[in-house]
Amino acid sequence: MKTLNLSIEGMSCGHCLNAVNRSLSALRGVAVQSVQLGRATVSYDPATTNPGEISAAVESAGYHVAGSSE
Ligand SMILES: [Cu+2]
């Protein structure tokens, strides 16, 4: 498993925390470590998914991924 830190714009409340958590948790090969306003950390299996797919899930939930680092 690898670790990915996401910097996320547009999160403002508990609803946003839940929405981001749900979008990440729904991905195969991803284990959510933490979600805070403006950032999330996940572990992922590089054989199953990748940072682009993980960022896309957050974007499709309505938030903007400003950056990511491993
Ligand atoms: Cu919100």
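Reply: Among the 19 residues of the largest nonpolar core, those that touch the most other members are Leu-6, Ile-8, Leu-24, Ile-54 and Tyr-63. Such a core is a set of buried Ala, Val, Leu, Ile, Met, Phe, Trp, Tyr and Cys residues joined through side-chain atoms within 4.5 Å; buried means under 20% relative accessible area, exposed over 50%, and partly exposed in between, with a 1.4 Å probe and protein chains only. This is a predicted model, in which local features need pLDDT of at least 70 and side-chain atom pairs count only at pLDDT 80 or more, while totals for chains, interfaces and linings use all residues. Residues are numbered from 1 along each chain as its sequence is written, and side-chain values use heavy atoms, with hydrogens and water left out.

Returning to the core, S1, H1, S2, S3 and H2 each give two or more residues to this core, and H1 supplies the largest share, 4 residues. These labels number DSSP runs from the N terminus: helices (H or I) have at least four residues, strands (E) at least two. In soluble globular proteins, nonpolar side chains tend to be buried together. Leu-24 illustrates the packing: beyond its neighbours within four places in sequence, Leu-24 has contacts (heavy atoms within 4.5 Å) with Leu-6, Val-30, Val-32, Val-35, Ala-40, Val-42, Ile-54 and Val-58.

S1 (residues 2-9) pairs with S4 in the antiparallel sense over 5 bridges, and Leu-6 has Ser-68 of S4 as its bridge partner.

S2 and S3 pair in the antiparallel sense over 6 bridges; Ala-31, for example, is bridged to Ser-43 in S3. Their hairpin has 2 residues between the strands, and Gly-38 there takes a positive phi near 90 degrees.

On the S4 side, Val-65 belongs to S4 (residues 64-69) and is buried, at a relative accessible area of 12%. Apart from neighbours within four places in sequence, Val-65 is in contact with Leu-6, Ser-7, Ser-55, Val-58 and Glu-59.

A metal site is also present. The copper ion has as protein donors Cys-13 (SG) and Cys-16 (SG), lying 2.1 Å from it; donors are N, O and S atoms within 2.8 Å of the metal (3.2 Å for Na, K and Ca), and sites may look incomplete because water is not among the atoms. Cys-13 is partly exposed at 36% relative accessibility, whereas Cys-16 is buried at 5%.

Finally, Glu-70 forms a salt bridge with Lys-2, their closest N and O atoms being 3.3 Å apart. Glu-70 lies in the segment after S4 and Lys-2 in S1, so the pair ties together parts 68 residues apart in sequence. A salt bridge requires a side-chain nitrogen of Lys or Arg within 4 Å of a carboxyl oxygen of Asp or Glu.

Technical notes. Pairing = 2+ DSSP bridges.
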